Amino acid sequence: MNHQIQLEAFYDAECPLCLREVNLLRRLDRKHKILFTNIADPQFAAESYGKTADQFMNEMHARLPDGTWVTGVEVFRRLYTAVGLRWLVLPTRLPVISQFLNLSYRFFAKNRLKLTGRCHQNNGSCRIPHKTNEVG
């Protein structure tokens with residue numbers, strides 16, 4: 001990772017809400033402190049990061065320059081801090097607010113495909129098919 005990069009954020013560009021958030025953060029990231037990696041890109045290989053595709057799909061992940069992984073709401077705290085909005089992050093660490101955000105995020109993450117209209121209408125399945133390296 002580049003020495004200036006504070007974190008690499010892994011996001012699903014096929015999720016309209018996720019993409020909107022990432023686009024906002026990209027505009028705010030004037031000092032280029034965030035590397036955004038699209039987990040929906042056909043070239044993305046979760047295993048090259050020591051994780052599974054399901055792990056990336058089920059929860060927001062970020063990797064720090066030292067290789068440490070951060071997940072869930074903490075990723076958003078770090079993203080907003082990196083773009084200079086630390087004042088917005090500080091209240092999210094208060095106990096009641098933090099608990100509410102954690103619960104809300106878990107609900108969203110678990111239901112993200114359904115909430116963004118990406119479930120199969122014929123069978124109600126909300127799983128994203130895993131990419132394979134098969135030819136043909």
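From the N terminus on, the elements of the chain run β-α-β-α-β-β-α-α-α. That makes 5 helices and 4 strands. The model is a predicted one. The chain has 136 residues, and 35% of them count as buried. Its accessible surface comes to about 9,000 Å². Carbon and sulfur atoms hold 55% of that surface. Take the contacts in the chain with a separation of 6 or more: residues 24 or more positions apart account for 60% of them.

Start with the strands. Strands of a sheet pair through backbone hydrogen bonds, either parallel or antiparallel. Here 4 strands form an open sheet, and the pairing is mixed. Their order is β2-β1-β3-β4. The edge strands are β2 and β4, and each pairs on one side only. Strand β4 covers residues 69–71. Neighbouring strands of this sheet are turned by 25 degrees against each other on average, direction ignored. Now look at one pairing in detail. Strand β3, residues 61–63, runs antiparallel to β4, and 3 bridges join the two.

Helix α3 spans residues 73–82 and lies across β1, β2, β3 and β4. Against β4 it runs at about 105 degrees. Of the 10 residues of α3, 7 are buried, so this helix is largely enclosed by the rest of the structure. The buried residues are Val73, Glu74, Val75, Arg77, Leu79, Tyr80 and Ala82. In general, an α-helix has 3.6 residues a turn, so residues three or four places apart point the same way. Just after α3, Gly84 takes a positive phi of about 90 degrees.

Arg77 deserves a stop. This residue is found in helix α3. Is Arg77 buried or exposed? Its relative accessible area is 8%, under the 20% cut-off, so Arg77 counts as buried. What does Arg77 touch, not counting residues up to four places away in sequence? The partners are Val89, Thr92, Arg93 and Ser98.

Cys15 is another buried residue, at 0% relative accessibility. It is found in the loop between β1 and α1. Strand β1 covers residues 7–11, and helix α1 covers 16–28. Cys15 and Ala40 are 25 residues apart along the chain. Their C-alpha atoms are separated by 9.1 Å.

Now turn to the aromatic rings. A pair of aromatic rings is described by the distance of the centres and the angle of the planes. Rings pair here if their centres lie within 6.5 Å. By this rule the count comes to 11 aromatic pairs. Take Phe44 and Phe56. Their ring centres are 5.2 Å apart and their planes stand at 85 degrees, so the pair is edge-to-face. Phe44 lies in the loop between β2 (34–38) and α2 (53–58), while Phe56 lies in helix α2. The pair therefore ties together parts that are 12 residues apart in sequence. Both Phe44 and Phe56 are buried.

These two rings also belong to a cluster. Ring pairs link Phe10, Phe44, Tyr49, Phe56 and Trp69. The charged end of Lys51 sits over the Trp69 ring, 4.7 Å from its centre.

Note on methods:
Residues numbered from 1 in each chain as written. Predicted model: local features only at pLDDT ≥ 70, side-chain atom pairs only at ≥ 80, totals over all residues. Heavy atoms only, no water. Phe/Tyr/Trp six-rings, centres within 6.5 Å; stacked < 30°, edge-to-face > 60°. Buried < 20%, exposed > 50% of the residue type's maximum accessible area, 1.4 Å probe, protein only. Lys NZ or Arg CZ within 6 Å of the ring centre and 35° of its normal. Contact = heavy atoms within 4.5 Å. Areas by Shrake-Rupley, 256 points an atom, 1.4 Å probe, with all protein chains shown as cover. Pairing = 2+ DSSP bridges. Axes fitted to C-alpha atoms, helices over the stretch in contact; angles between N-to-C directions.
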